[in-house]
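Colleague: Hi! Could you talk me through this model in plain words?

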Amino acid sequence: MTTETTPVRFDTKIAVLLREDLQTWQRLNVTAFLVSGLGSELPEVIGEPYADADDTPYLPMFRQPVLVFEGTKETLTAAHDRALSRALPRAVFTSDLFSTGNDRDNRAAVRAVPKGGLDLVGLAVYGPRNAVDKVLKGARMHP
């Protein structure tokens, strides 16, 4: 039996893996871009809309926490390979995207490079907790 006071537990995980050599502004930008991809394609990760005591409406957000990790370039490449092999929903951010200024050019920059050659700086992944944990093997929680 669940009640309003029973903690909500999730059997899924939303995680972002960032390359450890990014500047602070890059980490924030990459994280925001990556999670927007998950939210747009996976409606089950979005909760109910918010409202304050005055009934001012606010947009819904993720229904569960987003865990942020960091790792080396090699860790990111391995995580990308594992996410692909498990067919988990994912979003990528490559170093090329720092020099583009719009969505069309972003997509073209990713499209121009084979998956094995992507210079990944960020990866977002969603799926069963156990599978996401395996994808993130070798990464550490972001400080």
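**Pocket, fold and salt bridges**

Modeller: The lining of the largest pocket divides into 10 nonpolar, four polar and four charged residues. Asp, Glu, Lys and Arg are the charged types, Ala, Val, Leu, Ile, Met, Phe, Trp, Tyr, Cys and Pro the nonpolar ones, and the rest, with Gly, are polar. This is a predicted model, where local features need pLDDT of at least 70 and side-chain atom pairs 80 or more, while totals for chains, interfaces and linings use all residues. Numbering runs from 1 along each chain as its sequence is written, and side-chain values use heavy atoms, without hydrogens and water.

Colleague: What counts as a pocket?

Modeller: On a 1 Å grid, a pocket is an open set of points where a 1.4 Å probe fits, with protein on both sides within 12 Å along at least five of seven lines; lining residues have an atom within 4 Å of a point.

Colleague: Which residues lie nearest the centre of the largest one?

Modeller: Arg90, Ala91, Val92, Phe93 and Val110 do, out of 18 residues in the lining. Helix H1 (24-41), helix H2 (73-85), strand S5 (90-94) and helix H3 (103-111) are the elements that each give two or more residues to that lining.

Colleague: And how much space is in there?

Modeller: The largest pocket holds about 530 Å³.

Colleague: What share of the residues counts as buried?

Modeller: Of the 143 residues, 34% do. Buried is under 20% relative accessible area, exposed is over 50%, and partly exposed is in between (1.4 Å probe, protein chains only).

Colleague: New topic! How many salt bridges are found?

Modeller: The whole structure has nine, each with a side-chain nitrogen of Lys or Arg within 4 Å of a carboxyl oxygen of Asp or Glu. One of them joins aspartate 119 and arginine 19, at 2.8 Å from N to O. Aspartate 119 is in the loop between H3 and strand S6 (120-128) and arginine 19 is in strand S1 (residues 12-19), so this pair ties together parts 100 residues apart in sequence.

Colleague: Is arginine 19 buried or exposed?

Modeller: Arginine 19 is buried, at 12% relative accessible area, while aspartate 119 is partly exposed at 25%.

Colleague: What else does aspartate 119 meet in a salt bridge?

Modeller: Its side chain also meets that of lysine 73, at 3.3 Å from N to O. Lysine 73 sits in helix H2, 46 residues from aspartate 119, and is partly exposed at 42% relative accessibility. Through shared partners, salt bridges join Arg19, Asp21, Lys73 and Asp119 into one network.

Colleague: Which residue does glutamate 20 pair with?

Modeller: Glutamate 20 forms a salt bridge with arginine 140, at 2.3 Å from N to O. Because glutamate 20 lies in the loop between S1 and H1 and arginine 140 in strand S7 (residues 140-141), the pair ties together parts 120 residues apart in sequence. Both are partly exposed: glutamate 20 has 33% relative accessibility, and arginine 140 has 38%.

Colleague: Last one: where is tyrosine 50?

Modeller: Tyrosine 50 is in strand S2 (residues 50-51) and is partly exposed at 41%.

Notes. Grid points are joined across faces, edges and corners, and a volume is the space filled by probe spheres set on the points. Helices (H or I, at least four residues) and strands (E, at least two) are DSSP runs, numbered from the N terminus.
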